[in-house]
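Subject: Structure handover

Hello,

Here is the structure we discussed handing over. My notes on it follow below.

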Amino acid sequence: MTPVAIEGVGLTPFGRLEGRDTLDLMSEAATLALADAGLERGAIDGLVTGYSTAMPHLMLATLFAEHFGIRPHYAQAIQMGGATGCGMVMLARLLVASGQCRRVLVVAGENRLTNTGGRDSAIQTLSQVGHARHEVPHGATIPAYYALLASLYGNAYGTSEEDLAEVAVFMRDHAARMEGAHLTDAITVADVMGSRPIATPLKMMDCCPISDGATALVVSADAPAGAPFLVGSGQAHRHQHISVATDVDRFGASDAAGRAFAEAGLAPEQMEVLGIYDSFTITATMLLEELGFSARGKTAEDIRAGRYASDGGIPLNTHGGLLSYGHPGVAGGMAHIVEVVRHMTGKAGGRQGSRRPAFGFCHGDGGILSAHVSLVLAMEPRTAEPRP
């Protein structure tokens, strides 16, 4: 297959961005990504977008192409909840590798916070991922679903509320050093424990904010020297509704990652920078442990020991993640990829460690740990036969 690289990235600030709608924000991120790649709009022949709860258009990809002034010969919008960002990049990689396109613009964004109805409207829309007959009528929300997981997982592996709070503090510490982050005020474990209860055992600071913002990447067959390559990708879908999930140890993250690592011919222990979906503190905890980066019940202990420190550890979500950089929907999951790329290209600024990672890993999950997509990046294209 044609080697496929990420040629440019664009990330807007996340937070309250009054006066800009979905198309405005997507255009801003796309412009930043093209500038980063040194490209004009005419160089784009493929377009992949996500969805927007603030602008639920049936043909968002075509709508954006018209708005942004490009005429791609391939355009598609996809939706996989929080896994959409990684899924979009996986699709773009396949389009380029197969020769369908040379350069695919991957872009998503929305004014989820400041749209009419704002936070309440977004919460109501997102809760519809629940089962229409057996879950939604009982009034469950996304935080409530994840609170059930937190209780179940805590009982199984001893993860305490204080352990979860450690994840929130870790992400906020990163966001404080990241320009454009939604939440930057320093917090402590005590602050998290004392924040407003949302759905026991989750509290306000265990939950990501709802933000405005946008993210874009250019996936290319013609990337310049120094661009990171997409060398492995994988998906897994084991359930849609949490009431149907059967295994607390295996929601699909390890299956998706296993496929991505096998294709890349690499192993998890070779990864040097991570971007892991963290819509709630329990999300990051369960994903890190199912993916094998931390042992069961040990994520907080690893954080305290510096395993995920920017310098000396395996840098993790150094932009602050969804928990603190912010969460405007699809673009939130894509921001993890942007941050991993920036580390691998030496463009992470003050967040950059003393070394440039040769390998990176990103993982997104959608629904209630329902849809999983993993990406493996490397500074050199992989030519070895995939591992069995």
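The UniProt record, an unreviewed entry, places the feature "domain: Thiolase N-terminal" at residues 8-180. Please keep in mind that the model is predicted. In it, the span 8-180 is 46% helix and 12% strand, and its end C-alpha atoms lie 19 Å apart.

Overall fold. The secondary structure of the protein comes to twelve helices and eleven strands. Its radius of gyration is 19 Å, which agrees with the value near 21 Å that a compact globule of 388 residues would have. The C-alpha trace spans about 50 × 45 × 40 Å along the principal axes. Of the 388 residues, 61% are buried. Among contacts with a separation of 6 or more, 76% are between residues 24 or more positions apart.

Surface and charge. The protein exposes about 14,900 Å², and 51% of that area comes from carbon and sulfur atoms. There are 28 positive and 39 negative side chains; the centres of the two sets lie 2 Å apart.

Threonine 200 and proline 201 are joined by a cis peptide bond, with omega about 10°. Proline 201 sits in the loop between strand E5 (197-199) and strand E6 (202-203).

Asparagine 317 is not a glycine, yet has a positive phi of about 45°. It is found in the loop between helix H10 (299-305) and helix H11 (321-324), and is buried, as its relative accessible area is 2%.

Leucine 369 also has a positive phi, near 55°. This leucine belongs to the loop between strand E10 (359-366) and strand E11 (371-378). With a relative accessible area of 1%, leucine 369 is buried.

Regards

Definitions and conventions:
Residues are numbered from 1 along each chain as its sequence is written. This is a predicted model: local features need pLDDT of at least 70, side-chain atom pairs count only at pLDDT 80 or more; totals for chains, interfaces and linings use all residues. Side-chain values use heavy atoms; hydrogens and water are left out. UniProt positions are given in the numbering used here, feature names are shortened, and annotations may be inferred rather than shown by experiment. Helices (H or I, at least four residues) and strands (E, at least two) are DSSP runs, numbered from the N terminus. The radius of gyration is taken over C-alpha atoms; the globule rule is 2.2 Å times the number of residues to the power 0.38. Buried means under 20% relative accessible area, exposed over 50%, partly exposed in between (1.4 Å probe, protein chains only). Contact means heavy atoms within 4.5 Å. Accessible areas come from the Shrake-Rupley method with a 1.4 Å probe; for residues, only the protein chains shown count as cover. Lys and Arg count as positive and Asp and Glu as negative; His and the chain ends are not counted. The place of a charge is taken as NZ of Lys, CZ of Arg, CG of Asp or CD of Glu.
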